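Trainee: Please take one part of this model and look at it closely. I would like the ligand site, with some reference points along the chain first.

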Amino acid sequence: MCGIVGYVGSRDAAPILLNGLRRLEYRGYDSAGIAVFDGQRIQIRRAVGKLQGLIDQVAREPVHGHIGIGHTRWATHGEPSVRNAHPHLSQNGQVVVVHNGIVENFLALKDELQAEGFTFRSDTDTEVIVHLIERYLEGHGMGIVEATRRALKHLRGSNAIVVLAATEPDKLVTARLGNAGGITLGFGQDEMFVASDLPAILEHTRQVAFLEPGQMAVVTREGAQVLSLDGEPIPYEITTVPWDPVAAEKGEYRHFMLKEIHEQVRGLTDTIAGRIEPSAARVRFLHLEATPEFARRIPKIFITACGTAYHSGLVGKFYFERLARIPTEVVIASEFRYMDPIVPEGAVVLAISQSGETADTLAAMEEGRRKGATLWAIVNVIGSQAMRMADGYISMQVGPEISVASTKAYTATLADLYMLALYLAELRGTLSEAQRRQLIQDLLTLPDLVGETLQREDQYAAIARRFVRAQNMFYLGRGINMPTAYEGALKLKEIAYVHAEGYPAGEMKHGPIALLDENFPVLALAPRDPWYEKMISQVEQSRARGAPTLAVATDGDDRAASLADAVLWVPETPWLLSPVTSVIPLQLFAYHIATERGLDVDQPRNLAKSVTVE
Ligand code: F6R
């Protein structure tokens with residue numbers, strides 16, 4: 001979950017590291033630090049809290065050199081504090097390490113190292129790594145590459161590290177063990193970059209290579225050598241990433257979240273373009289293919305994901321079952337491997353992950369693999385682990401998503417799931433050509449409908465101001481918009497810190513309705529879909545209990561207008577696609593409540609963008 005960056009070249013390292021960290025701050029913002037070799041020794045600057053603290057500190061106490069590493073932390077072991085901030089220095093001051101992941105056996109290693117005389121200066125698990133390296137460097141006279149390789153052999157768990165040694169200040173050593181966070185190598189002109197995520201290096205290079213789990217790399221300004229953990233050289237591929245570096249900038253927007261909400265028209269257009277052949281009523285994917293025989297024999301699809309991605313999977317179930325007639329189970333990824341899933345022969349496990357690095361989702365994929373399923377994935381981050389593990393993948397076409405709260409990845413995934421269902425429907429013969437043609441025509445209208453919805457931001461913001469003091473809220477939905485209720489509530493929780501519960505509307509009378517009073521607003525998802533009547537009656541019931549009511553409703557809906565205290569209007573949308581237009585007012589509602597409350601929308605407390613630990 002932490003962000004890692006490294007640089008070696010001829011330029012001044014500190015500004016490059018700080019700039020890289022600025023673009024990685026979404027990975028964690030409990031503390032930040034850099035280490036630079038200044039020609040004599042390793043200089044460390046660390047500060048607790050957001051990156052600005054570190055930037056200020058470096059301005060007060062500048063540090064210059066041509067090689068260095070940096071880190072932005074999401075605390076796992078040890079409270080957020082300067083002493084627990086990375087980089088961590090070895091006892092002899094010769095080695096420094098940044099780390100992402102969890103060393104599962106760190107207590108045992110710490111005991112062992114303490115018994116050997118090492119003194120620990122932090123509460124982190126990371127410190128065992130740097131002491132282990134020092135042990136091999138000093139005690140066994142090894143070089144930094146070999147000492148790191150030996151140290152890595154002791155670690156259990158998923159970990160990614162970058163190491164800098166004053167004894168060999170021309171190189172960085174980096175490694176990836178397991179699935180915790182990727183390591184990307186960036187190739188510049190006589191300079192090299194290392195980063196946990198692409199946005200940190202995109203402004204310098206788009207030529208990259210990705211480390212696989214169980215690989216390490218020795219990085220000098222001339223290039224990189226990739227090695228196995230047994231020290232054997234491994235050939236690797238350099239790829240050019242298509243992302244535009246400007247996409248990782250906030251531009252004229254106040255927050256990344258707002259920018260990304262508004263990028264949904266473009267995201268959906270790019271997602272649909274190139275995959276649809278309207279004349280032939282066909283959908284095609286570049287990296288996911290199935291034969292009609294394979295598709296016809298799929299007995300079941302498991303969709304597995306976390307958080308917002310999980311909510312998109314709940315909509316996906318509708319698509320796969322209604323359009324392709326494939327039984328589909330949606331499982332929270334952190335539960336998948338513990339439920340001993342019954343995976344029939346020919347089943348597909350479809351993972352959804354914006355980052356492609358979520359530890360639980362990767363573990364669910366591994367479980368699927370163990371049980372013989374075909375692995376498919378819908379992912380955004382190019383080169384991510386989920387992308388590389390999958391037998392077939394769909395790449396979201398939305399560019400980097402920086403805001404911790406996911407928005408554009410959600411709507412693009414809904415479009416991807418819809419298209420995947422159409423693709424399978426064609427292969428399985430479950431829809432006629434005329435039906436598919438109509439569904440494709442519907443999809444083609446979606447970017448415009450989303451554009452129209454976004455133009456209503458001021459109306460949504462005005463309603464948000466009316467509810468800015470709410471402490472609790474219910475978001476109710478049914479059928480295909482039940483996941484929309486979950487997603488809307490999650491947005492409000494995570495960025496506005498309002499207790500919001502997404503709930504199946506039909507379940508209210510079985511208990512939760514007891515909570516309603518004049519201080520408990522109820523937001524009902526009531527666009528024109530097959531559950532509309534039920535949802536309208538839900539608004540009536542909530543009103544009868546004295547709760548303030550809000551509705552997401554379709555333009556011209558007089559009943560919604562007369563019943564609800566506030567209506568978030570959306571344009572008429574084909575009902576299968578209504579989760580896309582209906583979620584947009586909820587994204588903006590949460591955004592405006594949070595900004596009205598003066599909260600940091602892009603970096604909500606306690607969260608990080610990629611959850612690379614269990
Ligand atoms: C919420 C949010 C999270 C993520 C979840 C999965 O706004 O962003 O709930 O959706 O952590 O992340 P990915 O999609 O990267 O696997």
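**Reference points, then the ligand site**

Mentor: L185 is buried, because its relative accessible area is 0%. Buried means under 20% relative accessible area, exposed means over 50%, and partly exposed is in between, with a 1.4 Å probe and protein chains only. This is a predicted model: local features need pLDDT of at least 70, side-chain atom pairs count only at pLDDT 80 or more, and totals for chains, interfaces and linings use all residues. Residues are numbered from 1 along each chain as its sequence is written, and side-chain values use heavy atoms, with hydrogens and water left out.

Stay with L185 for a moment. It sits in strand β9, residues 184-187. Helices (H or I, at least four residues) and strands (E, at least two) are DSSP runs, numbered from the N terminus. From L185 to K171 is 14 residues in sequence and 13 Å in space, C-alpha to C-alpha.

Now follow the chain out of β9. D190 lies in the loop between β9 and β10 (192-195). Its phi is near 60°, a positive value in a residue other than glycine. D190 counts as partly exposed, because its relative accessibility is 40%.

R325 also has a positive phi, about 55°, although it is not a glycine. Find R325 in the loop between α9 and β18 (328-332). R325 is exposed, because its relative accessible area is 55%. Keep α9 in mind, as it comes back below.

There is a cis peptide bond to check too. The bond runs from H86 to P87, with omega near 0°. P87 has its place in the loop between β4 (67-73) and β5 (88-89).

Next, the ligand site. How many residues surround the ligand? The shell has 14 residues. The closest are S353, Q354, S355, T358 and E494.

The residues divide into 5 nonpolar, 7 polar and 2 charged. Ala, Val, Leu, Ile, Met, Phe, Trp, Tyr, Cys and Pro count as nonpolar, Asp, Glu, Lys and Arg as charged, and the others, Gly among them, as polar.

Then go to the contacts. A polar contact is a pair of N or O atoms within 3.5 Å; within protein, one must be able to donate a hydrogen and the other to accept it, and residues adjacent in sequence count only if both atoms are side-chain atoms. T308 uses its backbone: a polar atom there is 3.1 Å from an oxygen atom of the ligand. T358 uses its side chain, with a polar atom 2.5 Å from a ligand oxygen. For E494, an N or O atom of the side chain is 2.5 Å from an oxygen atom of the ligand.

Which elements give two or more residues to the shell? They are α9 (307-323) and α17 (482-496). At the level of domains, domain 2 (256-444) and domain 3 (457-596) both give residues, so the ligand lies between them. Domain bounds come from an automatic or database domain assignment.

P299 lies in the loop between α8 (292-296) and β17 (301-305). P299 counts as partly exposed, because its relative accessibility is 31%.

Last, the cysteines. The structure holds 0 disulfides, a disulfide being a pair of cysteine sulfur atoms within 2.5 Å. C2 is in no disulfide, and the nearest cysteine sulfur, that of C306, is 18 Å away. C2 is buried, because its relative accessible area is 7%. C306 counts as partly exposed, because its relative accessibility is 23%.

Definitions and conventions. A residue is near a molecule or strand if one of its heavy atoms lies within 4 Å of it.
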